[in-house]
Amino acid sequence: MAELTRAIGLMSGTSMDGIDLAMVETDGDCVVRRGASSFTAYEPAFRARLEQALDAAREIGAREERPGDLAALEAELTDRHAAAVEAFLAREKLSPDAIGVVGFHGQTVLHRPHEGLTVQLGDGQRLADRLGIDVVHDLRANDMRLGGQGAPLVPAYHRALAAGLEGDWAGKTPVIFVNIGGISNITYIGEDDTLIAFDSGPGNTLIDRWVKRHAGVPYDSDGTIASEGRVLAGLVNRYLDHPFFTAPERISLDRNDFPLPDDSEASLEDGARTLAFVTAAAIAKSQAHLPVKPKLWILCGGGRHNRRIVEDLTVATRHTGQLILAEDAGFNGDSMEAEAWAWLAVRSLKGLPLTYPGTTGVREPATGGVLARARA
Ligand SMILES: Nc1ncnc2c1ncn2[C@@H]1O[C@H](COP(=O)(O)OP(=O)(O)OP(=O)(O)O)[C@@H](O)[C@H]1O
Ligand SMILES: CC(=O)N[C@H]1[C@@H]2OC[C@@H](O2)[C@@H](O)[C@@H]1O[C@H](C)C(=O)O
């Protein structure tokens, strides 16, 4: 067996709720031994600074520019990631020498594929020096330089996980991973290992904004609010008539691409119920862009905790496939993206591809990432 590297992945996602950390041992290919993970929440004040950073980042014309508060924020964000790793190593009784590499995503503050511009806040060299561990960062930029959208990067990791499916799930192809984060996105792995990935529609972002506005809560925990409401057909039809669903090609989405319903259009509960239905229906519509209907659906990301979304999607897919949660297949649906960043960092060290024409639209399979070596 090829030598395994123990790697830590760090992800701070679009919901800006904190730092997901996961450890894996891997050959950078199909051998993936998933290890411990942790989550370090950002307190509301830091989250608010990150949200403001999205505004400041609009002024960025060249990717190394850091207008306004962004330079200070980047240093602080990096130090928070370092503290998260140190706390994790202390908890797991591991020394920095036990870790071969850290894969550092950083915080996306700007992503404009059509301008070839993607910016993740995070100083890889600062992190490497503080931890005394080599860091691979900036994993999206090379893909963009080669004509890709710079996202998504997790699909190659999904394919590695699919290769290791066991028991009832082994060999159930095509298999599709559905990540319901702020935006939902899918990875399709065909019988011949074909890899297709794209954003599939609004994920939790509409539901989160709706319940925040009308109930002052950050998300609809377990879909409880939606459970009290009805699906409003007129609203559903309006969302599903959006040009995104009728376009021949799938493009990557921004969290503001779909507007919220007007306040007068729905009660809190009906709005939450309808938006959960729209989230599931949008995912189910992805099938029109796939060569063969998936036999196995694996749900990941925070949206899998919304019972209404899961039920609606189960109904929408039951004639052709079986839908399970990541945990049913032995995975961890919350730490998968952080695991992916650990795995991608090992691939980057080996010069292996991170992205493919079917995942980001890159011209040819492309490696990526920048290595920051820890300085003594
Ligand atoms: N118990 C729960 N019930 C319902 N929804 C939940 C629950 N826990 C989390 N969520 C939803 O999941 C979201 C966070 O999901 P996730 O952590 O996958 O997002 P993310 O990392 O920002 O995603 P991405 O970067 O993939 O967009 C929350 O904003 C919320 O909408
Ligand atoms: C630019 C950026 O940070 N994109 C994220 C975002 O969050 C979800 C979706 O949009 C996905 O395309 C991507 O992250 C995941 C981890 C990816 O690259 O696979």
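The legends below describe close-up views of a predicted model with its ligands and domains. Residues are numbered from 1 along each chain as its sequence is written, and chains are lettered from A and ligands numbered from 1 in the order in which they are written. In this predicted model, local features need pLDDT of at least 70 and side-chain atom pairs count only at pLDDT 80 or more, while totals for chains, interfaces and linings use all residues; side-chain values use heavy atoms, with hydrogens and water left out.

**View 1. Domains of the protein chain.** The chain is divided into domain 1 (5–147 + 364–372) and domain 2 (155–329), with bounds that come from an automatic or database domain assignment. Taken over C-alpha atoms, the centres of domain 1 and domain 2 are separated by 26 Å. Eight residues of domain 1 are in contact with seven residues of domain 2, where contact means heavy atoms within 4.5 Å. About 580 Å² is buried between domain 1 and domain 2, and 58% of it is on carbon and sulfur atoms. In domain 1, T14, C30 and V32 lose the most area to domain 2, together 50% of what that side buries. Buried area is the accessible area (1.4 Å probe) that two parts lose on being put together, summed over both.

**View 2. The shell around ligand 1.** Ligand 1 is surrounded by 19 residues, of which T14, S15, D208, D222 and E337 are the closest; a residue is near a molecule if one of its heavy atoms lies within 4 Å of it. The shell around ligand 1 divides into two nonpolar, 13 polar and four charged residues. In this grouping Ala, Val, Leu, Ile, Met, Phe, Trp, Tyr, Cys and Pro count as nonpolar, Asp, Glu, Lys and Arg as charged, and the others, Gly among them, as polar. Domain 1 and domain 2 each contribute at least three residues to the shell around ligand 1.

**View 3. Polar contacts of ligand 1.** A polar contact here is a pair of N or O atoms within 3.5 Å. A polar side-chain atom of T14 lies 2.5 Å from an oxygen atom of ligand 1. For N179, an N or O atom in the side chain is 3.2 Å from an oxygen atom of ligand 1. At G302, a polar backbone atom is 2.9 Å from an oxygen atom of ligand 1. On its own, ligand 1 has 650 Å² of accessible area, of which the protein covers 83%; accessible areas come from the Shrake-Rupley method with a 1.4 Å probe.

**View 4. The surroundings of ligand 2.** The residues around ligand 2 are M11, T14, H105, T108, H111, R140, A151, P152, L153, V154, E337 and W341. They divide into six nonpolar, four polar and two charged. Strand 4 (101–112) and helix 12 (336–350) each supply at least two residues of this shell, and the largest share, three residues, comes from strand 4. Helices (H or I, at least four residues) and strands (E, at least two) are DSSP runs, numbered from the N terminus. An oxygen atom of ligand 2 is 2.8 Å from a polar side-chain atom of R140. Backbone atoms also take part: a polar one of L153 is 2.8 Å from an oxygen atom of ligand 2, and an N or O atom of V154 lies 2.9 Å from an oxygen atom of ligand 2. Taken alone, ligand 2 exposes 440 Å², and the protein buries 90% of that.

View 5. A151 and P152 are joined by a cis peptide bond with omega about -5 degrees; P152 lies in the loop between helix 4 (141–145) and helix 5 (155–163). A cis peptide bond also joins T173 and P174, with omega about -5 degrees, and P174 is in the loop between helix 5 and strand 7 (175–180). D138 is a residue other than glycine with a positive phi, near 55 degrees; D138 lies in the loop between strand 6 (135–137) and helix 4.

Technical notes:
A polar contact is a pair of N or O atoms within 3.5 Å; within protein, one must be able to donate a hydrogen and the other to accept it, and residues adjacent in sequence count only if both atoms are side-chain atoms.
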